[in-house]
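Biologist: I have a model open and would like to go through it with you. Can we start with how the helices sit against each other?

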Amino acid sequence: MIKVEHLTKRYAGFTAVNDLSFEVEKGEIVGFLGPNGAGKSTTMRMLSTYMPATSGTASVAGFDVFSQSKEARRHLGYMPENVPLYTDMRVDEYLRYRASIKEITGSRQRERVGDVKELCHLREVESRIIGTLSKGYRQRVGLADALLHAPDLLILDEPTIGLDPNQIRQVRDLIRTLSKHHTILLSTHILPEVEMTCSRVIIINRGQIEAADTPENLIHSMRAAGEIRLQIKTASAEEAVALLGTLPGVKEVSAAVEEEGWSLLTLRIDSKADPAESIWEAARDRKWAVRELSCRRATLEDVFVEMTLGDEEA
């Protein structure tokens, strides 16, 4: 559905996207992740025919997005991070106007406008002026616009930005529903949503791809660490930190002293390691009083941070 080869976008003295190559197959939901300024939105704008590339090629449904942009647009729906809506128009009026721009007329227009209002749960606000709607409803109007021409591919740039937790859940459920009939390329900073929604993830940093795989494979095969919390009472927290840091699978130990002499130690561990038994044995042998020993396994957020934080700190 999407094929990108050596895609590059340069500005004066700055390269926003540097030699990207990847593919998205029909029926996939792919998370497109990266820190702010990584090149995600620039890439999505190029794929959506809104911005030319400096070099490289990209195609949607077999049509080159630069030389065959009109044909490519018939197969894709694009929802930008900040949806440009006409806030003085009513929802139904706006969707009919947008449909006419997309050359959807007559009975087909009535059918598609009705379908997207139903799908995006806009019936109850169809007569409302867009400027009076909440952020959540405005996002739904933008998504309905992207769906009007029944595209094969949806490109969604931060569709949940600015939404509250309930609205985020509603959009997530809607994306899952849409995935039954559409290929989806999704950019978001809410990584738990990606783990629950996406079949594959592409992580981009400084305009280049750092990794591309399923969320599960990234978590288990990359350098990301899990975490163990250990709450103990000991004469020397520093000694405990030094000892635990030598155990196999432990990458880093930090400590904070809490009330009544209890120390909370946080151990970052390799994603494939399980040193909990060794930690318990060390505490038992040294007669540490233990109040908590709990594990948190590696997540996609850990993978993301490990791949992107180093460059940000440099």
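Modeller: Helix α3 passes α4 in a right-handed crossing. A crossing is right-handed if the near helix is turned clockwise from the far one by less than a right angle, and left-handed if anticlockwise. This is a predicted model, where local features need pLDDT of at least 70 and side-chain atom pairs count only at 80 or more, while totals for chains, interfaces and linings use all residues. Residues are numbered from 1 along each chain as its sequence is written, and side-chain values use heavy atoms, with hydrogens and water left out.

Biologist: Which residues of α3 and α4 make the contact?

Modeller: On α3 they are Asp-92, Leu-95, Arg-96, Ala-99 and Ser-100, and on α4 they are Gln-109, Val-113, Val-116 and Lys-117. Contact means heavy atoms within 4.5 Å.

Biologist: And at what angle do α3 and α4 pack?

Modeller: About 130°, with the axes of α3 (residues 91–101) and α4 (residues 106–119) 10 Å apart. That makes α3 oblique to α4. Angles under 35 degrees count as roughly parallel, over 145 as roughly antiparallel, 65 to 115 as roughly perpendicular and the rest as oblique.

Biologist: New topic. How many aromatic pairs does a search of the whole structure find?

Modeller: Four. Rings of Phe, Tyr and Trp (its six-membered ring) pair if their centres lie within 6.5 Å; planes under 30 degrees apart count as stacked, over 60 as edge-to-face and the rest as tilted. The pair of Phe-22 and Phe-32 is tilted, because the ring centres are 5.8 Å apart and the planes are at 35°.

Biologist: Where do Phe-22 and Phe-32 lie?

Modeller: Phe-22 is in strand β2 (residues 14–24) and Phe-32 in strand β3 (residues 29–33), so the pair ties together parts that are ten residues apart in sequence. Strands are DSSP runs of E with at least two residues, and helices are runs of H or I with at least four, numbered from the N terminus. Both Phe-22 and Phe-32 are buried. Buried means under 20% relative accessible area, exposed over 50%, and partly exposed in between (1.4 Å probe, protein chains only).

Biologist: What about Tyr-86 and Tyr-94?

Modeller: They form an edge-to-face pair, 6.2 Å centre to centre with 65° between the planes. Tyr-86 counts as partly exposed at 43% relative accessibility, whereas Tyr-94 counts as buried at 1%. Tyr-86, Tyr-94 and Tyr-97 form one aromatic cluster.

Key: Axes are lines fitted to C-alpha atoms, for helices over the stretch in contact, and angles run from 0 to 180 degrees between N-to-C directions.
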